[in-house]
Amino acid sequence: MSCYKNLIVFYFSGTGNAQKAAEWIVQIADSMNITTNLVNITDFEFNMLKDINSKTLIGFCSPTHGFNLPPIMLKFIYNFPNVKNADFFILNTRAGMKLHKIFLPGISGIAQILPVIYWKLKGYKVVGMQPMDLPSNWISLHPGLKEKVVMSIFKRCEKKTKNFAKKILSGQKSCKALISLPVDLIVSPVALGYYFIGRFAIAKTFIASDLCNNCGLCIKNCPVNAIEQINGRMYWTFKCESCMKCMNNCPKRAIETVHGYTFFIWWLIISVLPSFVIGKIVDNELFNVSENPFIIDIIYNSFITFIAIFNVYLSYKLLHFLLKYKFFNKIILYTSITKYKFWRRYKAPKIVI
Ligand SMILES: Cc1cc2nc3c(=O)[nH]c(=O)nc-3n(C[C@H](O)[C@H](O)[C@H](O)COP(=O)(O)O)c2cc1C
């Protein structure tokens, strides 16, 4: 018997994990005769909230991106209409892995803390905070997990998610996310770095190879409309949240991360350019360095930050241009690890996204 009459679960999902977790919760609610509504946040309409009352539970399911919620989910939560009388929960899916028989968890960072503090400040009641370690989908960093591993992680997570759902739907609180609070707080500065710089840099590492037949599926399905076609080639704008939907769903397997090019540009930016500029400053005796060594530090750090941000934009424009030429195209592609057959893609099993 549940203390709730209706449940609305809002989800955002790049490769299907958060969607699957949301579906498991809805299944449990259905079995308890609770009226349910499962909503992709990109399809949200205000009238979905018209029946909200004190017997409503509202949930949010989202992947974790850079020790935080993805900006699209953060914005959704921030702009969510005031519904003080309902109860809230949040489930963030993280990068689960499996090493032999040991299941390894991901790290939430501020993905749970931020929305919960926000809801508490607004006076909302939060009844559930649950991380869920579904298979990692960050295939720019590692190949997609093997099918057997994916299935065993899924089985484990299904059970855990359903137990979480049973608990909160029967009126109990469940805040398992708090267990990892010390680690989450330690990594929280990285979340800020990712939010303000990292995500923009990562957005500019995607290209479509010559296998692309311009079917336009990636443009059509991108949840943040981040992909454009410029001069007959796909172009990832700064809007991209690296949710991995495009890369994992491309029917031609044409979308790649350009590792070699990215490392080369960052090597130029971090090692060659600053030492060149600092050398010039010292040589020209613009400052009396021995008396003001901290000036060099300040110049160096500001220079690196400025160039890093500017570089992200310029180097991607250059990349887009170079891809036109067979010679550069080949070098860029063959230094991209995702191009190789052994680099598996990832999609949550049996899900139509
Ligand atoms: C750009 C990016 C950043 C990520 N950052 C984190 C992270 O900080 N912590 C974590 O545990 N998992 C991280 N992941 C892994 C995903 O959160 C995880 O695989 C999630 O289950 C994917 O959910 P989805 O299939 O609904 O998109 C990241 C994945 C991507 C693509």
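This is a predicted model: local features need pLDDT of at least 70, side-chain atom pairs count only at pLDDT 80 or more; totals for chains, interfaces and linings use all residues.
**The whole protein.** Display the protein as a cartoon to find 10 helices and 11 strands. Its C-alpha atoms fill a box of roughly 75 × 55 × 45 Å along the principal axes. The protein has 353 residues, of which 36% count as buried. Among contacts with a separation of 6 or more, 79% are between residues 24 or more positions apart.

**Asn-33.** Then select Asn-33, in the loop between α1 (17-31) and β2 (35-40). Most residues other than glycine have a negative phi. Asn-33, which is not a glycine, has a positive phi, near 60 degrees. Is Asn-33 buried or exposed? Asn-33 counts as exposed because it has 10 C-beta neighbours inside 10 Å, and the limit for an exposed residue is 12 or fewer.

**Asn-225.** Finally, move to Asn-225, in the loop between α6 (217-221) and β9 (227-230). Asn-225 also has a positive phi, of about 50 degrees, although it is not a glycine. With 12 other C-beta atoms within 10 Å, Asn-225 is exposed.

Terms used
Residues are numbered from 1 along each chain as its sequence is written. Helices (H or I, at least four residues) and strands (E, at least two) are DSSP runs, numbered from the N terminus. A residue is buried if 20 or more other C-beta atoms lie within 10 Å of its own, exposed if 12 or fewer, and partly exposed in between; C-beta atoms are placed from the backbone. Two residues are in contact if their C-beta atoms, placed from the backbone, lie within 7 Å.
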